[in-house]
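Subject: Structure handover

Hi,

Here is the structure you are taking over. Please have it open while you read my notes below.

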Amino acid sequence: MFCWTLGTKFLGLMDSAGYNLGIATFRQPVLIYNPVAGKIRRNPEAILQRTKAALGRAGLVPRLLPTHAPREAGNIARQAIAEGADLILVLGGDGTINEVLQGVACSGVPMGVLPGGTANCMAKELGLSANLERAAERLAKCEPVRISLGRVTTDRAGSRFFLLMCGAGLDASIVDEVHAGLKAATGKFAYWVAGLSQFRRKVRPMLLEVGGIRRDCGFALVSRGRNYGGDMEIASGASLRKDDFEVVLFGGSNPLRYAGYMLGVAARSVQRLPGVTTMRATSVHILSAAPAQIDGEFLGSQPVKIEIVPGALTLLMPASYG
């Protein structure tokens, strides 16, 4: 209720005939960008010029605010909102988007995303394209939509929001193994290298509770979106427009079994494989001290509570997104 009340005053973006007026109606937009994100680090000045030109064609001239350190973007967003920003745009990877989200959630100020990272799962989930100019052009035609967010809570780290997913078990171990230097040099190839390293040892089981039922698995995906890793799909029934999670559980400890699961992911048939269970839920408890990640950012190994927070964000989304 608190998030919904704060957000209602920012949703008056329709004219008297009911048509969307577009992002040019925002008067104090801000663009928060990560100068060392995957695509941006190669030539930050050129990327920024392309971004400003693309947004300018949509009638938007944002104030540019760079990040300088990890976990700083949320505070930048909060300060910008306190100073009157009426739109927060993010240029960076999924990690940067997640950081900005921490400062925008429950503020009511709309947020929009542009691809600047390695995988760009969020931009691809929305159908905005990985190409910066095309994404900006499509973003200009998006509409502000009130959506639910996921929230993870741990005893040691408190609570954090997420847009797309929380993964626990095997995939979080892979995220933790990714070499930062290799990621900067090769992009998504670094994740494949980290993934292959996991198949040399058994997958550790973990205990979780979904819908009051306790289950064992080696990998749990608690998802709000269909896109996984930029190019794959696991939670095929998930949607940011829904007010729950699609939970996909992978059983077993043999690493070869998980290789088979990944082949099923590639063939878009993984949910039909033996050992895979799909459920819908509004809360999930990971009861084991299992590794976990949100939106591709490693959280550590600890029990976590995952829950839906209704109406927590106003997101610029294409009308075609289902």
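Which residue in S13 is the bridge partner of alanine 220? The partner is leucine 249.

First, the ground rules. This is a predicted model, where local features need pLDDT of at least 70, side-chain atom pairs count only at pLDDT 80 or more, and totals for chains, interfaces and linings use all residues. Residues are numbered from 1 along each chain as its sequence is written, and side-chain values use heavy atoms, leaving out hydrogens and water.

Some terms. Strands (E, at least two residues) and helices (H or I, at least four) are DSSP runs, numbered from the N terminus. Two strands pair if DSSP finds at least two bridges between them.

**The antiparallel sheet**

Strand S10 (residues 219-223) and strand S13 (residues 245-250) run antiparallel, joined by five bridges. Both strands sit in an open sheet of six, ordered S14-S13-S10-S7-S16-S17. The pairing there is antiparallel. At the edges are strand S14 (276-281) and strand S17 (297-301), each pairing on one side only. From one strand to the next, the twist averages 15° (axes are lines fitted to C-alpha atoms, and angles run from 0 to 180 degrees between N-to-C directions).

Strand S1 covers residues 29-33. Five of its five residues are buried (under 20% relative accessible area with a 1.4 Å probe, protein chains only; exposed is over 50%, partly exposed in between). Pro29, Leu31 and Tyr33 lie on one side, Val30 and Ile32 on the other. In a regular strand, side chains alternate between the two faces of the sheet.

S1 pairs with S3 in the parallel sense over five bridges. S1 also runs parallel to strand S2 (residues 63-66), through four bridges. Leucine 31 takes part in both: its bridge partner in S3 is leucine 89, and leucine 64 stands opposite in S2. S1, helix H2 (residues 44-57) and S2 make a right-handed β-α-β unit (with the strands pointing away from the viewer, the path from the first strand over the helix to the second runs clockwise).

**Leucine 87**

Leucine 87 lies in strand S3 (residues 87-92). Why does leucine 87 count as buried? Because its relative accessibility is 0%. Leaving aside residues up to four places away in sequence, leucine 87 touches several others, including Phe26, Val30, Leu60, Met111 and Leu316 (contact means heavy atoms within 4.5 Å). Valine 104 is 17 residues away along the chain, with 9.6 Å between its C-alpha atom and that of leucine 87.

Best wishes
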